[in-house]
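Keep the structure open beside you and try each task before you read on.

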Amino acid sequence: MRKNEGMKNHRLFFTLCLVGAFSVLAACASKSQAPVVERGASTQPGHSPAGPVSPAEADAYYTVKKGETLYGISLDHGLNYRDVAAWNNLDERYSLRTGQQLRIRPPGTNGTGSSDGVAVAQPITAGGGVETRSLDGSVISPPSTSSPVTGAGGIKREPKSGKEPYSDEALAQAQKPTATTATTAATTVATTTATAATSDPASGSDSKTAESKSADGDSGDEVGWIWPANGKVVATFNEATNKGVDIAGKAGDPVLAAGTGKVVYSGTGLRGYGKLVIVKHNATYLSAYAHNQTILVKEGQSVARGQKIAEMGNTDADQVKLHFEIRRQGKPTDPMKYLPPR
């Protein structure tokens, strides 16, 4: 009898222990919850700035509108689309979201080019020097080491370590112009001569520059523009409807680089442009060549003015033609202001 009661007590104790263990496990499980990931949210770190954009950084970001692409935004801001992709940690699909804040300035700079809170190293400037006092406490001013000391007889002397005894030879040496002075004088004369030659009416250079300037006062002469094709202009620049000029021709006609530069885009990613080439000439100017039949250059390739870069075609166009744009700091401008008359 006692044996049966003991077995019952053991079973009850074992059952209570199991119930307690399950209770502890259930309590622990209720405290830890599985992480929740919002679908559609970007997981790439550079897609949008963390938090609201400050007024100082406003010009460093662009809000993506519906239907816009990385290529079009980059062209409109005079940028290489690969740079913009890198600044925003975009993958090779270059997919954008409507309303996305896209960085259009290098990280560490705002719209004015100054640093965004980044510490800037400043050169260490020397102090006022070591103060020397005599035994009675008065301050002794050390001789300046930045300029020679004039001694007796009008001879210019160096600091104490460079003193030399007076002599006729020393006086004559001190009165000779230094090599630096002679070089500076020669440079000044050369600069003055060059300036006079440049402004000489007989040379005609000033009048030529004045004639080539556009209406906004910018000549773009540093590029040395030439016509990219020989055909007839069938459509001129219109700020609202045509961002460049259209030049007619036959399929396969040569398309030439209008100036020396580097190819920053070569492909078909920009809607409405067909097979497109974009050349960056300097920090100010880009030129675009659209609707080509064949592209003959690659991104990153340097091209010379007058070099054949494509063949005329009608990709994304209603006829065979070259659509040619000149962009100044990303904004389209009338190419006829820069191209030579013909």
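**Exercise 1. Find out how many helices and strands the protein chain has, and what share of its residues count as buried.**

Step 1. The protein chain has six helices and 16 strands; these are DSSP runs numbered from the N terminus, with helices being H or I of at least four residues and strands E of at least two.

Step 2. This is a predicted model, in which local features need pLDDT of at least 70 and side-chain atom pairs count only at pLDDT 80 or more, while totals for chains, interfaces and linings use all residues. Residues are numbered from 1 along each chain as its sequence is written, and side-chain values use heavy atoms, with hydrogens and water left out.

Step 3. Of the 342 residues, 27% count as buried (buried means under 20% relative accessible area, exposed over 50%, partly exposed in between, with a 1.4 Å probe and protein chains only).

**Exercise 2. Describe the lining of the largest cavity.**

Step 1. Rolling a probe the size of a water molecule over the atoms shows where empty space is left. A cavity here is a set of points, on a 1 Å grid over the protein atoms alone, where a 1.4 Å probe fits but cannot get out; lining residues have an atom within 4 Å of a point.

Step 2. One cavity of 30 Å³ or more is present, and the largest cavity holds about 80 Å³ of space (grid points are joined across faces, edges and corners, and a volume is the space filled by probe spheres set on the points).

Step 3. Its lining includes Y71, S74, L75, Y81, Y265 and I278. The elements that give two or more residues to this lining are α2 (70–76), β10 (261–267) and β11 (275–280), and α2 gives the most, with three.

Step 4. Sort the lining by type: 10 residues are nonpolar, two are polar and none is charged (Ala, Val, Leu, Ile, Met, Phe, Trp, Tyr, Cys and Pro count as nonpolar, Asp, Glu, Lys and Arg as charged, and the others, Gly among them, as polar).

**Exercise 3. Work out why the pair of W225 and Y285 is edge-to-face.**

Step 1. Rings of Phe, Tyr and Trp (its six-membered ring) pair if their centres lie within 6.5 Å; planes under 30 degrees apart count as stacked, over 60 as edge-to-face and the rest as tilted. The structure holds nine such pairs.

Step 2. The ring centres of W225 and Y285 are 5.7 Å apart and their planes stand at 85 degrees, so this pair is edge-to-face.

Step 3. Now place the partners: W225 is in the loop between α6 (205–212) and β7 (233–235), and Y285 is in strand β12 (residues 285–295), 60 residues apart. W225 is buried at 7% relative accessible area, and Y285 is buried at 1%.

Methods:
1 Å grid on protein atoms, 1.4 Å probe; cavity = no way out; pocket = protein on both sides within 12 Å on 5 of 7 lines; lining within 4 Å.
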